Amino acid sequence: LSQSKADDVGSLVNLGVITYLTQLLDTGFFHADPHPGNMLRTPDGRLVILDFGLMTEITDDQKYGMIEAIAHLINRDYSEIG
């Protein structure tokens, strides 16, 4: 990813956010070491996540708690987070 062009940064960030949220909230896996050295971009634009040494599973209650927190952040209801 560090070799990508500056024009690609916005779309790569969006792809990374969607990928990590899907991994976290859909499959219940939390990758605790996201950095450019643990990610590759394929020639066709897909994101490959590497190094699953720092992973854990989250419970459904934790998933729902994260979804609620994200919704409050989006709506700027900061006092409701917690």
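These legends describe several views of one predicted protein model.

The model is predicted, so local features need pLDDT of at least 70 and side-chain atom pairs count only at pLDDT 80 or more, while totals for chains, interfaces and linings use all residues. Residues are numbered from 1 along each chain as its sequence is written, and side-chain values use heavy atoms, with hydrogens and water left out.

View 1. Helices (H or I, at least four residues) and strands (E, at least two) are DSSP runs, numbered from the N terminus. Starting at the N terminus, the order is α-β-β-β-β-α. The C-alpha atoms fill a box of roughly 40 × 30 × 20 Å along the principal axes. Take contacts (heavy atoms within 4.5 Å) between residues at least 6 apart in sequence: 51% of them join residues at least 24 apart.

**View 2. The surface of the protein chain covers about 6100 Å² of accessible area.** Carbon and sulfur atoms account for 57% of this surface. Accessible areas come from the Shrake-Rupley method with a 1.4 Å probe, and for residues only the protein chains shown count as cover. Of the 82 residues, 17% count as buried. Buried means under 20% relative accessible area, exposed means over 50%, and partly exposed lies in between (1.4 Å probe, protein chains only).

**View 3. Helix 1 packs against helix 2.** Helix 1 spans residues 9-25 and helix 2 spans residues 60-74. Their angle is about 140°, and their axes are 10 Å apart. Axes are lines fitted to C-alpha atoms, for helices over the stretch in contact, and angles run from 0 to 180 degrees between N-to-C directions. The two helices are therefore oblique to each other. Angles under 35 degrees count as roughly parallel, over 145 as roughly antiparallel, 65 to 115 as roughly perpendicular, and the rest as oblique.

**View 4. Leu21, Leu24 and Leu25 of helix 1 meet helix 2.** On helix 2, the contact is made by Lys63, Met66, Ile67 and Ile70. By class, this contact has 6 nonpolar, no polar and 1 charged residues. Nonpolar covers Ala, Val, Leu, Ile, Met, Phe, Trp, Tyr, Cys and Pro; charged covers Asp, Glu, Lys and Arg; the others, Gly among them, are polar.

**View 5. Asn38 sits in the loop between strand 1 (29-31) and strand 2 (39-41).** Asn38 counts as buried because its relative accessibility is 5%. Leaving out residues up to four places away in sequence, Asn38 touches His31, Asp33, Val48, Ile49, Leu50 and Asp51.

**View 6. Ser11 lies in helix 1.** Ser11 has a relative accessible area of 45%, so this residue is partly exposed. Leu24 is 13 residues from Ser11 along the chain, and their C-alpha atoms are separated by 20 Å.
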